[in-house]
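This report covers helix packing, ligand contacts and backbone geometry. Please keep the structure open while reading.

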Amino acid sequence: MEQPKPKNSYDVIVVGAGASGLIAAGRAAHLGAEVLLVEKMRQPGRKLLVTGKGRCNITHDAHQSVYYKNIYPNGRFLKHAFNTFFTADILDILHERGVETTTERGNRVFPVSNSARDVHKAITGWMGRKNIDTLYQARVVSLIIRDGMVTGIRSETGSGIGEYNGKSVIICTGGKSYPATGSTGDGYELARQAGHTISEVRPALVPLVTSGDIAGRLQGLGLKNVNAVVWVNGRKSAVEFGELMFAHYGLSGPIILTLSRRAVEELTAGNRVEIGIDLKPALDEKKLDARLLRDLDTHGKKQVENIFRLWLPSKLIPVFLDLLEIDNRKLCHQLSAKERRSILLLMKDFRFLVTGHPGYREAIITAGGIPTSEIDSRTMESKILKNLYFAGEVIDLDGNTGGFNLQIAFSTGYLAAQSCLS
Ligand SMILES: Cc1cc2nc3c(=O)[nH]c(=O)nc-3n(C[C@H](O)[C@H](O)[C@H](O)COP(=O)(O)OP(=O)(O)OC[C@H]3O[C@@H](n4cnc5c(N)ncnc54)[C@H](O)[C@@H]3O)c2cc1C
């Protein structure tokens, strides 16, 4: 991409043109600042394009209090950022640029077109070009620090190292997840240069790898309205209700991603982690047993395999029959009480041993990062180094699925930009 030659000095240098960097650069430029936006990929917002499986779950339409419950480890840190720029503000930007949105189940907001590309186009269009020089395929490798304050950055391109002065620098480099989109954790190193500590960084909202071939046999099957329980060393540790999916390596889908926080934490601590799926959460054991008994009585002359069709999706049936070691030619009235009990137990607790996760390559988000205790929540400025600001996933904040993470990026990017100019 042809780029105009950048100047040597700017009011604001934004490092990283992802969700937070685009909003930060746009806000600073609209306030009249001369901005340099430096991005190491060929184009801005690569990750934005893959959000929500290409549909982009833009934000979560809910009160701030809901956000605090869904953001870890300290959602309240975002109070000022949310008071400055929240869900209605990002939606205004999109609506003004012709992107209609719709709120789906669970308050998740998507573009009506189901196209993350439309969101990307609207945000880059809103940012515009006035007052902004962009430098693509340029990786910021260090901060320039003089007299206890940041005064610029050094960036590396194919043709060598460039130095640029900035009255303020906003680090918007994201986390380490989906490194192919450009976020490889560089921001942590830049923050370290400034004297920051880094809270332990780890993949979050990540699928789980399970042992054995059962998940693989069920690959592609999705289950709705089930409970998934995390068992740690045999004790119930967390539960989520909703939708999950089987993959060739293990378990995925919304409730698994949410539970992955606990599962990864416990695995890292060396504990035995299992996921138990309750396929019939609406029925307690007594009610489920009555239902099984009734169906078996009514269909006494049918083969067991056929009666399972009343209870389970067809892909699960051969797996259940294998695990239960029940001969599928058996007739329903031939099933013993013991066999009925084992069917019930498997339906209520279909267990998988978790052995790992696919890491940053498949993690939606990175947990850990710059501790919020080292950033001023009213401005996003570093408490360690003057004129240095942070926005987005590089900060030690991560949300559940549902649009929380993009809203964090938008809100902190906006606040950082206007604070460094006030
Ligand atoms: C597959 C997937 C789906 C997702 N879906 C959703 C969703 O639907 N809704 C939601 O709310 N969240 C979603 N997320 C999370 C969300 O995309 C991120 O939280 C958000 O993009 C973070 O924004 P950011 O600006 O902090 O970082 P990023 O968007 O990752 O941007 C960081 C940018 O900095 C650049 N950069 C890094 N280092 C340097 C350097 N040294 N020099 C120059 N540039 C650098 C990178 O190339 C990148 O462009 C999803 C994430 C993934 C991986």
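## Helix packing and ligand contacts

In α12, Phe320, Leu323 and Leu324 meet Ser342, Ile343, Leu346 and Met347 of α13. Contact means heavy atoms within 4.5 Å. The residues of this contact of α12 with α13 comprise 6 nonpolar, 1 polar and no charged. Ala, Val, Leu, Ile, Met, Phe, Trp, Tyr, Cys and Pro count as nonpolar; Asp, Glu, Lys and Arg count as charged; the others, Gly among them, count as polar.

This is a predicted model: local features need pLDDT of at least 70, side-chain atom pairs count only at pLDDT 80 or more, and totals for chains, interfaces and linings use all residues. Residues are numbered from 1 along each chain as its sequence is written, and side-chain values use heavy atoms, with hydrogens and water left out.

Helix α12 spans residues 316–324 and helix α13 residues 337–348; they pack at about 125°, with axes 11 Å apart. Axes are lines fitted to C-alpha atoms, for helices over the stretch in contact, and angles run from 0 to 180 degrees between N-to-C directions. Helices (H or I, at least four residues) and strands (E, at least two) are DSSP runs, numbered from the N terminus. α12 and α13 are therefore oblique to each other. Angles under 35 degrees count as roughly parallel, over 145 as roughly antiparallel, 65 to 115 as roughly perpendicular and the rest as oblique. The α12 and α13 crossing is right-handed. A crossing is right-handed if the near helix is turned clockwise from the far one by less than a right angle, and left-handed if anticlockwise.

Helix α5 (residues 87–96) packs on helix α6 (residues 116–127) at about 95°, with axes 9 Å apart. The two helices α5 and α6 are therefore roughly perpendicular to each other. Here Ile90, Ile93 and Leu94 of α5 meet Val119, Ala122, Ile123 and Trp126 of α6. By class, that contact of α5 with α6 has 7 nonpolar, no polar and no charged residues.

How do α1 and α14 pack? Helix α1 (residues 19–30) and helix α14 (residues 404–419) pack at about 30°, with axes 7 Å apart. α1 and α14 are therefore roughly parallel to each other. Their crossing, α1 with α14, is right-handed. From α1, the contact takes Ala19, Ser20, Ile23, Ala24, Arg27 and Ala28; from α14, Leu406, Ala409, Phe410, Gly413, Tyr414, Ala417 and Gln418. The contact of α1 with α14 divides into 9 nonpolar, 3 polar and 1 charged residues.

Now the ligand. There are 34 residues around the ligand, and Ser20, Glu39, Asp186, Glu393 and Leu406 come nearest. A residue is near a molecule if one of its heavy atoms lies within 4 Å of it.

| Backbone N or O atom of | Ligand atom | Distance |
|---|---|---|
| Ala19 | oxygen | 3.3 Å |
| Val140 | nitrogen | 2.9 Å |
| Leu406 | oxygen | 2.8 Å |

Two backbone details remain. The peptide bond from Tyr72 to Pro73 is cis, with omega near -10°. Pro73 sits in the loop between β4 (71–72) and α4 (79–84). Gln137 is not a glycine, yet has a positive phi of about 55°. The loop between β7 (132–135) and β8 (139–146) holds Gln137.

Conventions: Polar contact = N/O pair within 3.5 Å; in protein donor to acceptor, adjacent residues only side chain to side chain.
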